[in-house]
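Let's take a walk through this protein together, starting with the whole chain and ending at a single residue. Have a look at the model first.

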Amino acid sequence: MLLDGAMGTMIQRYALGEEDYRGEEFSSHEVLLAGNNDILALSRPDLLSAIHRAYLEAGSDIITTCTFNAQAISQAEYRTEHLVRRINLAAAAVARAEADRMTALSPERPRFVAGSVGPTGKTASMSPDVDDPAMRAVDFDMLQRAYAEQIEALVEGGVDLLLVETAFDTLNVKAALAAAEQVFACKGRRLPIMLSVTIADAAGRMLAGQTLEAFLCSTAHFSPFSVGLNCSFGAEQMLPFLKQIASAAPCYISAYPNAGIPDQMGHYDQTPEIMARNVAHFAELGLVNIVGGCCGSTPDHIRSIAEAVAEYKPRPKQQGKLPWLAGLDGFFTGNGFINVGERCNVAGSRKFLRLIKEGSYDEALTIARKQVRDGAMMLDINMDDAMLDTQQQMCHFLNLMASDPEVARVPWMIDSSRFEVIVAALKSIQGKAIVNSLSLKEGEELFLQRAEQIKRAGAALVVMAFDEEG
């Protein structure tokens, strides 16, 4: 199937001024709105309709709403966070109308609308302050609230699926998935979700440090409709990383690269013919099910891609080998023996307890680092002590651990007798962790309720073999 191409590239062609973004309704808005493409759903819906129509006529089966930054965190920059619901409803309606119009012209080939859910400009896994590595500009709950508001409006607006795209931090993605689950439960129906990652370097890692294998492992609990890559760079450079995803993912695969690499002026260098030839190579190799274009692409690029891939069959769904757990890297069990480092446990290490009480976090972090260097395959973290604020200390130390690539590389085991601490900890981890532990000592009903909650959070679980009677 064919996605559309870039929205921003097309909007730039119109050379809009501040008055276009404001329209009549926002003529006296207190800050500049130019650059807030999402608000055009309210001030210039005619322009968005024209762009959607151009992509549909070029061959797109799926068009994406102009809502990449249409959540409260991003809209706060323009002081338009109060308009989030209206923006998403309007953008969905514009895209829906154009998709339905095209479907009516050729009913044998239905067109679909994907609600675009961008990453926000903030990360839940990294600090914006080099002097305070445990600091976060945004946390899981803030992200989930923002995404839930956006996704609810997109669903009500009539989108067929959701596209969580340009992901650079898996924890942000987890928050979006949690928000989608919340909305689906409220609405009593589910929509397919596409996940699309952007990678930050030639090593194939996301900005927040995870490998693609680790990302797949950390999001597999949600059973996405598709996973794939977008943005990053051009199709030629994307190929080896697309092969990685296609070899492991148990779902459909998408790819919509940039139209080459931008020059110093921000112009993308690939013609439609060159880009189409490179994207068609994905299809020729049997790697993809859904293709399109990202930054720099236009309806001409999509038209050429549609023609170039027409002769190829889509990738068959297959079950690859996913890691079992993940830190920044994926974790496979190997021979089945797992060595767990347990020195970051206040109940098992007097030194670690003393360092945490003193606030000597850098020295406490060296204990974690030494365990990994000594061969620990994962790290157990426990802050259960009567003299500590267990939840606060747990989350603070996990944020510090995330700042050290050597420590963050391995999976973590969250160890606490307090379930609220476990829940808070899982909201601080972008990888797939293990919860240590649950048992039946408080009864079957509570056990099942908590086990389900851990499953939804995407963690593995140690079960202690004892019940109410011991």
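How many positive and negative side chains does the protein chain have, and how far apart do the centres of the two sets lie? Keep in mind that this is a predicted model. The tally comes to 42 positive and 59 negative side chains, and the centres of those two sets lie 3 Å apart.

Now for the overall build. The protein chain contains 18 helices and 14 strands. Its radius of gyration is 23 Å, close to the 23 Å that the globule rule gives for 470 residues, so the chain is as compact as a globular protein of that length.

As for how the sequence comes together, take the contacts between residues at least 6 apart in sequence: 75% of them join residues at least 24 apart.

Let's zoom in on one spot. Y312 sits in the loop between α12 (299-309) and β8 (325-326). Leaving aside residues up to four places away in sequence, Y312 touches A280, A283 and E284. G209, by contrast, is 103 residues from Y312 in sequence, and the two C-alpha atoms are 34 Å apart in space.

Definitions and conventions: Residues numbered from 1 in each chain as written. Predicted model: local features only at pLDDT ≥ 70, side-chain atom pairs only at ≥ 80, totals over all residues. Heavy atoms only, no water. Helix = DSSP H or I, 4+ residues; strand = E, 2+ residues; numbered from the N terminus. Rg over C-alpha atoms; globule rule 2.2 N^0.38 Å. Contact = heavy atoms within 4.5 Å. Lys, Arg positive; Asp, Glu negative; His and termini not counted. Charge placed at Lys NZ, Arg CZ, Asp CG, Glu CD.
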